[in-house]
Amino acid sequence: MSNPAGSAGEPAPDGAAMHALVRELYPICRSITGDGVRQTLARLQQDIPLQVHEVPSGTPAFDWTVPREWNIRDAYVKDSRGQRVIDFRRHNLHVVSYSVPVRARMSLAELRPHLHSLPDQPDLIPYRTSYYRESWGFCLPHRQLEGMAEDDYEVCIDTTLEPGHLTYGECVLPGSESSEVLLSCHTCHPSLCNDNLSGIAVATFLARHLAGVPHRHTYRFVFIPGTIGSITWLSRNEEQAKAIRHGLVLTCLGDSGNFTYKRSRRGDAPIDAAVRHVLRHSRGEHALLDFSPYGYDERQYCSPGFDLPVGCLMRSHYGQFPQYHTSADDPGFVTPGQLADSLATVLSVVQVLEHDLAYVNLNPKCEPQLGKRGLYGAMGGTSIRDLEMAMLWVLNQSDGRHGLLDIAERAGLPFERIHEAARLLLQHDLLAPAAAAPSRAQH
């Protein structure tokens, strides 16, 4: 979908620049706390007005507590010849995230319970964590594990796990109205590109675009560690959350899969209708899923105590592509073209949210004569029939009760066509904004 120049929905994707950002952030070892998250947010501050928040360890967050901060300097397993057979410096997935410090010598039999691999994907390194229980471990390709000799191994995990902070970023772009759109992405994964450097890149470039154009809604971007980050943010922003009218969790947006949208808990929120409409009128297949209390941070935003209208937009479904949570989720797995397409799709959703208003037909008794106003064939290079039909639909349905998305759905036309028809009718004094917001019919 496209939009008139200068409007909040104007697509300005830069896939090459987004992919460059993914590659730049890829080597950083991120976790739910620590310097890797700070380094990542500091890089994003170069592109967008991002405020960084630090929440001390031990801070209550509903039924949870902000954990101790974890940082890593080095980790390895050396054989008896002093060779690093597993080396954190080669790939940060080699270490189980949140591993406690270890310095020991042990046999392969003693080491083996702490080694994790994927027998079905023998050449890949898995991603494993141990956030909320003290443990340690290494990850390696199963083929390498099978080839490890009986030996006396030196094990070193040079980490700290001590009182510190949970760090998250927030970028707020005020609009002409106080109603908010929440865009959320998780920042806790180490060298994994689709999950979720792709979401970080799309959110950053969306924020950068919206910062430069007028918009009706206030847009709130949060860059947070998964689960504990959204829980902490909600615990600190209960009142602010009441302003959220629409929301999306952005993840897995850089691969070549078709789009997948997981609806909000409400199932019929305006964001659900907007995303469904955009995907229906875009190219390619897509999947629409009902809400479930498993997945990413949408399950926190949609918990019954908040029940925010937040869905989750992705391409390939998390957990259902072979590269998921493995070393194969690298910069080669995501592409500039898919990142650009994802950004354009989210911008199309923004266009709908921005312009889904209700109007009143100022000439409601029979059809007005459009020809004498020069409205037939008013848009060069487009289907005149579609535009004429769009104008007729807008005039017929603009009784102050139906928003433009309602009209687009009933007419079976893309939202952009209905919006352009409304813009032309407004210019010719055939429409006026309704005094009240549109009442959303069930779709």
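Predicted model: local features only at pLDDT ≥ 70, side-chain atom pairs only at ≥ 80, totals over all residues.

Q: Which residue of S19 does Val360 stand opposite?
A: Val360 faces Ala432 there.

Q: And how many bridges join S17 to S18?
A: Two; S17 covers residues 358–361, S18 covers residues 399–403, and the pair is antiparallel. Val360 turns up again, standing opposite Asp399 in S18.

Q: OK, switching to packing. Which residues touch the most other members in the largest nonpolar core?
A: Phe221 and Phe223, in a core of 75 residues. Helix H5 (residues 193–210) gives the most to this core, with ten residues.

Q: What is Phe221 in contact with, leaving aside neighbours within four places in sequence?
A: Gly169, Glu170, Cys171, Leu173, Leu183, Ala203, Leu206, Ala207 and Leu210. Apart from that core lies another one, of 57 residues, with Leu93, Tyr153, Tyr168 and Phe333 among them.

Q: Zooming out, how many helices and strands does the chain have?
A: The protein chain has 13 helices and 19 strands. Its C-alpha trace spans about 90 × 40 × 35 Å along the principal axes, and 58% of the 443 residues count as buried.

Q: What about the surface and the charges?
A: The accessible surface comes to about 18,100 Å², with 48% of that belonging to carbon and sulfur atoms. There are 41 positive and 50 negative charges, and their mean positions are 3 Å apart.

Conventions
Residues numbered from 1 in each chain as written. Heavy atoms only, no water. Core = buried A, V, L, I, M, F, W, Y, C linked by side-chain atoms within 4.5 Å. Buried < 20%, exposed > 50% of the residue type's maximum accessible area, 1.4 Å probe, protein only. Helix = DSSP H or I, 4+ residues; strand = E, 2+ residues; numbered from the N terminus. Contact = heavy atoms within 4.5 Å. Pairing = 2+ DSSP bridges. Areas by Shrake-Rupley, 256 points an atom, 1.4 Å probe, with all protein chains shown as cover. Lys, Arg positive; Asp, Glu negative; His and termini not counted. Charge placed at Lys NZ, Arg CZ, Asp CG, Glu CD.
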